[in-house]
Each structure stands twice: as structure tokens, then as C-alpha cells.
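This report describes how two ligands are held in a protein model and then turns to some local features of the chain.

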Amino acid sequence: MRSCLNRHVDEREPEFKPYHHPAAGWGAAKSVTKFLIRERELVDGPRAILKMNHENGGFDCPGCAWPDDTKGLHLDICENGIKHVTWEMTGKRVGPEFFAAHPVSELRKWSDTDLEAQGRLTEPMRYDAETDRYVPISWPAAFELVGRTLRDLDSPDRAAFYTSGRLGNEATFLYQLWAREYGTNNLPDCSNMCHEASGRALQWAIGTGKGTVDIHDWEEADALFILGVNAASNAPRMLTALAEAYRRGAQVVHVNPLVEAGATRTIIPHDFARMATFRATPTSTLDLQPRIGGDLALLRGMAKALLEMAETDPDALDTEFLEAHTAGFEEYRVLCGETKWDELERQSGLPESRIRAAAEVYRAAERSIISWCLGVTQHEHGVDTVREIVNLLLLRGNIGRPGAGPSPVRGHSNVQGNRTCGIDHRPAAKFLDKLADVCGITPPRHHGLDTVNTIEAMHRGEVTVFVGMGGNFVLAAPDTPYTAAGLRGCELTVQVSTKLNRSHLEHGEQALILPCLGRTEKDFQAAGLQATSVEDAMSMVHLSVGMKRPASPHLLSEPAIIAGMARATLPESATPWEDYTGDYDRIRDTMAQVLDGFEDFNERVREPLGFRIHQPARERVFLTPSGRAEFSTAPLPDVVPAEGTLALGTMRSHDQWNTTIYSDDDRYRGIKNLRTLIFMNPGDMRERGLAEFDEVDITSTAKDGTTRSLRRYRAVPYDIPPGCAAGYMPEMNVLCAIGDYSTQSDQPLMKHLKVTVERAG
Ligand SMILES: Nc1nc2c(c(=O)[nH]1)N[C@H]1C(S)=C(S)[C@@H](COP(=O)(O)OP(=O)(O)OC[C@H]3O[C@@H](n4cnc5c(=O)[nH]c(N)nc54)[C@H](O)[C@@H]3O)O[C@H]1N2
Ligand SMILES: Nc1nc2c(c(=O)[nH]1)N[C@H]1C(S)=C(S)[C@@H](COP(=O)(O)OP(=O)(O)OC[C@H]3O[C@@H](n4cnc5c(=O)[nH]c(N)nc54)[C@H](O)[C@@H]3O)O[C@H]1N2
Ligand SMILES: [Mo]
């Protein structure tokens, strides 16, 4: 599909100048101001930002899932959170006149940046094939179109219900209830591309698929290990925790093929005194640059070194914990002993001395936290790697005590809450039993489709209706042209969105765009102003209340849109869809009965800081078959690129939110005006006779041998290990073959494409 490669037209020349300033600080402040002016939000923007992330009111930052500062009224905001809020609150609108003026075939030629830049959607729209335009449709007619189409399917499994991680808990619960009452578990979500590996690994290892630490543990740890996270761009509020850790003398170890800005120093985002005096705080005590996919070997090496220390150092291991709470230690010890150092060096891309240095840090710390994000999960061996993280933690009893434990950095602001509240294509029988019991429905028991399998099923003609509850499916998913063709083959595509995006243009025979309220906006229902809840990456659930006038009087809330579609699909349903919409307390009362850990939901969520969902592993209660935390013994995978090829990881720039590109700059990596680039090791460039900004063609080879190419990208020399390369998502999804997903997690291999790079032909 040519259209998704349309570039934002920018006359400026690309620039590359390594960035030597601390992360956050004045560069961030300047960037925010520019952004507020562009979005015409100089008045309301700052007012809204002051309302964000506050106890007793305000709305949850719709940005990342990093927990809020809990020390009371304290402005814990970041540049990218501000951009994200402002993006939603833009003064620009895209209404019926816009759609009347631009046929879809024309809009397909626009760049993604230009599509989103049109502003907020204002009215429900239906695709009209005769004029090739979106035309207005009333809400009741839109709901009826969805309901009728779903009722007419010969099996509920012909429909798929996608969720992007912005959706609040109450809407999430209604959404999965609708899908299951209708009769399918086809609930693909963005988690399938994000932290599926973490959930599965933690479930198997410690019996619950979530991290065990909270923000106070971050404040108490003696060592923090940060693997595969670009904190300065994607979890900027983590910088505060890293800088504070450094100041109190804790060790901060970054593991990343790239030394990212957050791994050097920062000006703490809300520390205005330090900002005024340009005083930076380091955020790292050790940086390790493994090869792409080399984390498992590094972690195994650290465990091996620790076990060697234990031969003479009786306190190297927590033997009491190992005996009382774990299973499989002996096998793991043997495996580590048998793994050779030269193999660990080759697979990690790090010398033994560096691996031992990391092990020394780990041994010296009384309390360690290991944290990770996509650099660990989007790999063939993502599950094995997360389990190796747990293995290492178990050796020193670093779980279920203050300042210690596994801490995945989740992505979207409520992606964790989505899972908790039932978005799961492989639901547990126990959950379905409760749902059946409390809601009086007969949920299907067979597993549903995840993201990749939904796309495959569209191509086989098995899925013909697609509902997207937020997100931008066509660009977020792998193999862009293939995914687009799948959507185009559908009978009906429904996108519940706030802004115009590519997924509205790659649509089915019939298509709807249903515009919804954003998190920053006031949501009035029969019972008055409503609040919704979200769960952060550390299992804290709290309320979020919008404070802005809605972008258009025609917008409905997500719960209302879901309930409307559900009623039209299930006219005889005994579920009180209308009452649920009228008062979200009613939804929460039902959730309290269905979901573990949500007892007294309505009372507890109104506590100033919300509440923490019970996590048994935090108390060393491991709900595994053995009742113990389980060691794993995965073989060391071969991640060394074949001769002449590179391992390519796709990632975000500083100035983007997933498929939303704010600008073509990537400040902390020193890039201006360029996204069609590939970061390469200077030696790998020399070998190919390439100089900075030379044009190259990139070709990936899939597991099935098929190839895919991107042409005329620019090579940029970068401090990245030999054999490794990096570039930007979502553009590079064109290179991700649909069949290239992990056999362990079904996650697409977005951080490990096998590519060749040649001078552009
Ligand atoms: N501003 C902003 N914030 C965001 C997002 C956004 O788009 N913009 N997205 C949100 C979402 S949904 C998510 S899931 C998170 C994503 O947060 P991140 O995981 O930080 O996202 P990426 O940009 O994909 O960066 C991956 C990082 O992993 C490193 N990496 C690549 N391969 C490897 C490897 O093999 N090993 C190791 N150790 N590291 C590796 C890369 O160099 C990069 O630093 O951020 C969330 N927050
Ligand atoms: N190659 C590659 N691909 C990747 C990744 C990668 O690292 N590499 N990362 C993957 C990851 S981790 C993720 S999470 C996915 C992200 O996948 P998605 O969640 O599907 O994508 P987003 O770009 O976050 O979605 C943006 C759209 O959401 C809509 N939106 C925004 N706010 C709201 C709201 O409040 N309500 C509703 N209903 N809609 C709203 C807007 O219309 C906007 O256009 O991408 C995945 N794709
Ligand atoms: Mo994500």
C-alpha cells in the first residue's frame, strides 16, 4: 500500500547533530511552548495541565502508564504528557464539511501527520461508496447498522473487537461484556504487540501476570536495572525516579543497544529550581550495550557470575528464600554452570568483564528492581527473557519485599487496566464463570483471536466485521499493506476515534467513524458528571475526571457508544445497558462482583490516591501449579545476525505517540527533519561504502523467506553495536512480515527484523 508511506512534506534539510544536553529541562520546555502555539492551545492547555494527575480530581494523563507521584499535590508532569494532552484538546475540528470536500481516495494520498493535524472529529460519519466520501449519519442509525450487521453474521466469531490501551476501565468492562454476550472472545488488543510476553512470563513464573513493585519500592531500591526502555521519551516521569535514585547513592544500570538520553543525565521535569540553574542530575551509573536480542545471554551471564561468587560468598544467594519459595533452582544452577562464557559473550555482544561488572552491582545491592519495556518483549524469545529476569531476581530473594521485584514499564495509560477488566482473547475459565454468574450471560469458552490472527482471519474471509475501540490498527499492526488489504476485505469496519487516521481510510465495504469524548473532557450522563477509572503500570487504580467542554456537542462517551452498539446488537439482552450509561457507578458495582481485587470498587476508587489491586506475589504467595515461584531453563537462543545481514529494531522518536507523529524531529538522538532513516554502526556503514545521509534500500527477509523493502532511506551513523540497526515505527511495519511473530507470545518481532542494507538502486 503506497498510501501509508506518504511523507509529510517538509522543505527543510535533514540534520544530525549528537545531543549533549541533559534530558528534559529547557529543551523540553521550549518544545512544549512550540507545540501549544501550533495547536492553538495557549489558554486552555496550561490550565488543563495543572489539573492533570492530581489527587482529588483532575484527569489521568492520557500519556504513558507510569504511576503518579504519590507525595500529595505535586506537579509531576512531562513534556510528552503535555503534548499528548494538548493533542487531544486541539482547537481544530474535522467535521462534515471536511469530509464533503475530500473523497477518501484523495485523503489516502495525504500523510498521516496531515490527517491527524486536521483536529478532532465532531460527528458520526458513514462511508458512502457512490460518492467515495464519508457522510453524516445519526447515532441511532449508526448503532443500528452495527447491530444489524452483527446479527446477520452466521457466527459471532466472524467479528473482531480491537482495543487500544487508552480505554478506561468502565468502558473496557462493557466492551468485553458486549463481545462475550454476543458470543465471541475475539478481543485483539495493542497488548498483543506490546507486553503479551511480560504477562505470560510473569504468569508462569510467579502466578500473576503483572509486576510486583510500586513507586515506593522504586524509592527504596539500592539498584535499578532498566532494560530496553527509552525513558526520556516514552516514560519521562521515570527520569525523576532515576535521578532521585542516583542522588541517594543507588546504582542505576541501563541495558540498551543505544545509549538513550535517559541513560545519561536529566534535569528533573518538575524541579523548577534545578531547571532555572541548569543543574542536571546523572541518571546512570553503568551503561551496557548488548546486541539486539542479547539480553537473555546477559542476564544468564549475570546469574552465572553470581552463582560463581556464591561458592565463596555465603550471602550471594538468598538460600532461605530459594528453599522456602522456589521450584527448579537446581536445574537452573546446572544450566548456568554449563553455559560457556564465550557463548554468553557472543550472544550478548558484551565482554565477560562487563557482564561480571553488572553481576557485582547486583550482588552488592540489598534490594534490586529490574524494569523493562519493548526492547525485551518484542522478540522471538521475549517470554524466555522476562523469565530470566525473574530467575535472576529469585536468586537473591528480590521479590515480595520492599525495594525489590520485577517492574514492567507498560505502554498506553490504561493498557494494564484493559487486561484486568477482561480484554483477553484467552480468558481464564474462572473469570468467565464469574462473568456468567454475575451478568447472567453464557460467554463462549473457546479462545478468540489476537491481533495477528485477526488479520490472518480477515484474509481467509473468516473475520468480516472489525470494531476498533480507539487506536490506529492499520499502522500499529505489522505488514501494513497486508493488514490494509485485510481491513478492505471486511464487510463492515467501525472505528471509535478522536482524530482522523489511516484506519478510517483503509476501510471495509461499509464503514463508520464514531467520534468519542477524550479523557480531558467533561462526560455528563443522566446521573450527572461521570468519572472513569484507569490502572497504572504499578496496579494503582484511580479516578479520572475530564474538565474541558467537549470538542463537539455530538460526541458520545465511550461507554455510551459501546452500550448503544450492544443494545442494537442484542435487542433482547437483559443487561441494563441504558442504566450503565446513565451512571458509571452501576458499571463499577457489577465490576466489583466480577473482578478479583475490585471489592467495594466505588468506595475505594474514591480514596484520594485510589487503591492498589491485590498482587499475591507481592506477599510471596505464588499462584503457580507448584505454589512456588518457578525457575525456567530456556536454551540460549542464537541472535547473532547472519553474515551480511543486520538485526533491525523499530522504535519511537521523541516526537511521536505510537502512530501519531508530532514532528519529524527526534531531539535526544540529534535528528531534525528526518524519519526515513536507519541508525547504523559506523563500521557497518563503512563496510557498505556508506556515508552519513546516503540513501539506502532496506530489505527484510521473513521466516517464510519472503522479502519486503523500504527504498531511499537515509543511513545515519550511530553508537550502536555492530550488526545492529534501528529505525522508526510505524513506517517500518512495512518490513514486518505478518507471519513473523514469537512462538512464545505471538508478539510480532518488531524489535528484531532481519535485514540487508544497500546503497539505493
Ligand atoms: N512519548 C511517548 N510515550 C510513549 C509512547 C510513545 O509512542 N510516545 N508509547 C507508549 C507505549 S504504547 C509503549 S509500549 C511504551 C514503549 O516504550 P519503549 O519500550 O521505550 O519504546 P520504543 O521506542 O519501542 O523503544 C524501545 C527501546 O528499546 C531499545 N531496544 C531495542 N532492541 C533492544 C534489545 O534487544 N535489548 C534491549 N535491552 N533494548 C533494546 C531501543 O534502543 C529503545 O531504547 O511507551 C509508551 N509511552
Ligand atoms: N513496528 C512497530 N510497531 C508497533 C510497535 C513497535 O514498537 N514497533 N509498538 C506496538 C505497541 S507497543 C502498541 S501499544 C501499538 C499501538 O497501537 P494503537 O493503540 O492502535 O495506536 P495509537 O497510535 O496509540 O492510536 C492512535 C489513535 O487513537 C485514537 N485515540 C486517541 N485517543 C483516544 C481516545 O481517548 N479514545 C478513542 N476511542 N480513541 C482515541 C486516535 O484516533 C488516534 O489516531 O503499536 C504497536 N506497533
Ligand atoms: Mo504499547
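A polar contact is here a pair of N or O atoms within 3.5 Å; within protein, one atom must be able to donate a hydrogen and the other to accept it, and residues adjacent in sequence count only if both atoms are side-chain atoms. The model is predicted, so local features need pLDDT of at least 70 and side-chain atom pairs count only at pLDDT 80 or more, whereas totals for chains, interfaces and linings use all residues. Residues are numbered from 1 along each chain as its sequence is written, chains are lettered from A and ligands numbered from 1 in the order in which they are written, and side-chain values use heavy atoms, with hydrogens and water left out.

**The two ligands**

| Residue and atom | Ligand atom | Distance |
|---|---|---|
| Ser233, backbone N or O | ligand 1, nitrogen | 2.9 Å |
| Asn256, polar side-chain atom | ligand 1, oxygen | 2.7 Å |
| His379, polar side-chain atom | ligand 1, oxygen | 3.1 Å |
| Tyr162, polar side-chain atom | ligand 2, oxygen | 2.7 Å |
| Ser164, polar side-chain atom | ligand 2, oxygen | 2.7 Å |
| Gly471, polar backbone atom | ligand 2, oxygen | 3.1 Å |

The protein covers 98% of the 940 Å² of accessible area that ligand 2 has on its own, areas being computed by the Shrake-Rupley method with a 1.4 Å probe and, for residues, with only the protein chains shown counted as cover. Around ligand 2 there are 31 residues, of which Tyr162, Ser164, Ala476, Glu558 and Thr659 are the closest; a residue is counted as near a molecule or strand if one of its heavy atoms lies within 4 Å of it. The shell of ligand 2 comprises 12 nonpolar, 13 polar and six charged residues, where Ala, Val, Leu, Ile, Met, Phe, Trp, Tyr, Cys and Pro count as nonpolar, Asp, Glu, Lys and Arg as charged, and the others, Gly among them, as polar. Domain 1 (93-192 + 414-520 + 555-596) and domain 3 (646-759) each contribute at least three residues to this shell, the domain bounds coming from an automatic or database domain assignment.

Ligand 1 has 28 residues around it, and Asn256, Glu260, Gly293, Asp295 and Asn658 come nearest. Its shell divides into 11 nonpolar, 13 polar and four charged residues. Because domain 2 (196-408) and domain 3 (646-759) both give residues to the shell, ligand 1 lies between them. At least two shell residues come from each of helix H11 (231-234), helix H19 (374-377) and strand E26 (656-657); helices (H or I, at least four residues) and strands (E, at least two) are DSSP runs numbered from the N terminus.

**An annotated segment**

An unreviewed UniProt entry lists residues 646-736 as "domain: Molybdopterin dinucleotide-binding"; such positions are given in the numbering used here, feature names are shortened, and annotations may be inferred rather than shown by experiment. Over residues 646-736 the chain is 7% helix and 43% strand, with the end C-alpha atoms 14 Å apart.

**Local features**

Most residues other than glycine have a negative phi, and most peptide bonds are trans. The peptide bond from Met729 to Pro730 is cis, with omega near 0°, and Pro730 lies in the loop between strand E32 (724-728) and strand E33 (753-759). Arg620, in the loop between strand E23 (611-612) and strand E24 (629-630), has a positive phi near 60°.

The count of salt bridges (a side-chain nitrogen of Lys or Arg within 4 Å of a carboxyl oxygen of Asp or Glu) comes to 40. One of them joins Arg333 to Glu330, with the closest N and O atoms 2.5 Å apart.
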